[in-house]
Amino acid sequence: MQAEAVPFLLRMGDNALILGHRLSEWCGHAPVLEEDIALANTALDLIGQCRMWLDLAGEAEGKGRNADDLAMLRDSWEFRNLLLVEQPNGDFGQTIMRQYLFDAWHLPMLNALADCAQPRIAAVAAKSAREVAYHLARSRSLVIGLGDGTPESHGRMQSALDNLAPYVGEMLSPDACDIAAETNGYGVSAEDVARECRAEMDMTLASATLDMPDVMRRAGPVRTGGKTGRQHSEHLGHILSELQWLQRAYPGASW
Amino acid sequence: MSSEWPLWEIFIRGQHGLNHRHVGSLHAPDAETAIRHARDVYTRRNEGVSIWAVEARHIAASSPSDKGPLYEPAQSKVYRHPTFFDIPDDAGAM
């Protein structure tokens, strides 16, 4: 694995880590038991995927850091996750909408990576894609059910979509790192992934009777700074302080 | 909210060739969601290859208070068990 792959692998791993952590915050608090377990399952899937990506990243980096070191001992500006996944849980509707928007991109991304020329990246992507296919089926069906539901649930889903829409552009607009990944043969055509993702969102949001905010139709990014690490929202610092405090307070602690 | 959702009984088949077995119940607004919930609640540890979900109100059940009339007449009637036949040796294990 080449060292140039590191930023790309960190993006994949950090998205899974931060969204997985966000979902784990629901454990014991979801509106019904069945959704509580489903959210925790999704969180565990993502944490598992994060481990595979970050182990690859550590290996490619060649400085002897493993997934735990990368997850627990980096500061917020070194994280490469999308701004979307660090957004607060809000109500159940906002959590499900955030999940859906991410899943709609994550699945085509993993499917494309599963066919890429780098065999170890392809293997991690293929394993993750099976889990994420279920995540998307679940979040899509909830978005449609709640969007096309009661006036109360429709209103909550629409305001969740309005709140999160500005973060979709960062996910769908390739930057230098995405393009480098593509030309190095271990990435994928970000344009193709974005096209597939937009088609999925068009269809599902229409079935959910939700209005797609104009800001989501724009070609370029609106809010940026997550996947480059340049400007994360304040939320990431709070996530990391909870996620990392034990390793920071008791370095090397294990059980 | 969950009190408004109907109750579903969940049956899971562990392997090809075995019967579906009742594993428990859960709440869901519709059949599709019931299957999804069953997947999340009951198949996390690779328990199954097939899920059935039946809305609990569609299951007709005998009443526990009918226990006497329903089952007691069958007690003390050993002749209803096929235990009085001599099985020929070449029939093998039955």
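Modeller: Gladly! Let's begin with a term: a nonpolar patch is made of residues with over 30% relative accessible area and no salt bridge, their nonpolar side chains being joined within 5 Å. Please keep in mind that this is a predicted model.

Colleague: Which residues form a nonpolar patch on the surface?

Modeller: They are A:W245, A:L246, A:Y250 and A:W255, and together they have about 590 Å² of accessible area. One of them, A:Y250, is found in the segment after α12 (234-249) of chain A.

Colleague: Now to the two chains. Why is the pair B:R36 and A:E35 called a salt bridge?

Modeller: The closest N and O atoms of B:R36 and A:E35 are 3.9 Å apart. The cut-off is 4 Å, so the pair qualifies as a salt bridge. The count between chain B and chain A is one salt bridge.

Colleague: Which elements of chain B each supply at least two residues of the side that touches chain A?

Modeller: Those are β2 (20-27) and α1 (31-42). The largest share, six residues, comes from α1(B). By kind, the residues on this side of chain B divide into three nonpolar, three polar and five charged.

Colleague: And how much area is buried between chain B and chain A?

Modeller: About 1100 Å², with carbon and sulfur atoms giving 56% of it. Of the area that chain B buries against chain A, B:R36, B:R39 and B:D40 supply 46%, more than any other three residues.

Methods
Residues numbered from 1 in each chain as written. Chains lettered and ligands numbered in written order. Predicted model: local features only at pLDDT ≥ 70, side-chain atom pairs only at ≥ 80, totals over all residues. Heavy atoms only, no water. Buried area = accessible area lost by both parts, 1.4 Å probe. Salt bridge = Lys/Arg side-chain N within 4 Å of Asp/Glu carboxyl O. Helix = DSSP H or I, 4+ residues; strand = E, 2+ residues; numbered from the N terminus. Nonpolar A, V, L, I, M, F, W, Y, C, P; charged D, E, K, R; others polar. Patch = residues over 30% accessible without salt bridge, like charges linked within 9 Å, V, L, I, M, F, W, Y side chains within 5 Å. Areas by Shrake-Rupley, 256 points an atom, 1.4 Å probe, with all protein chains shown as cover.
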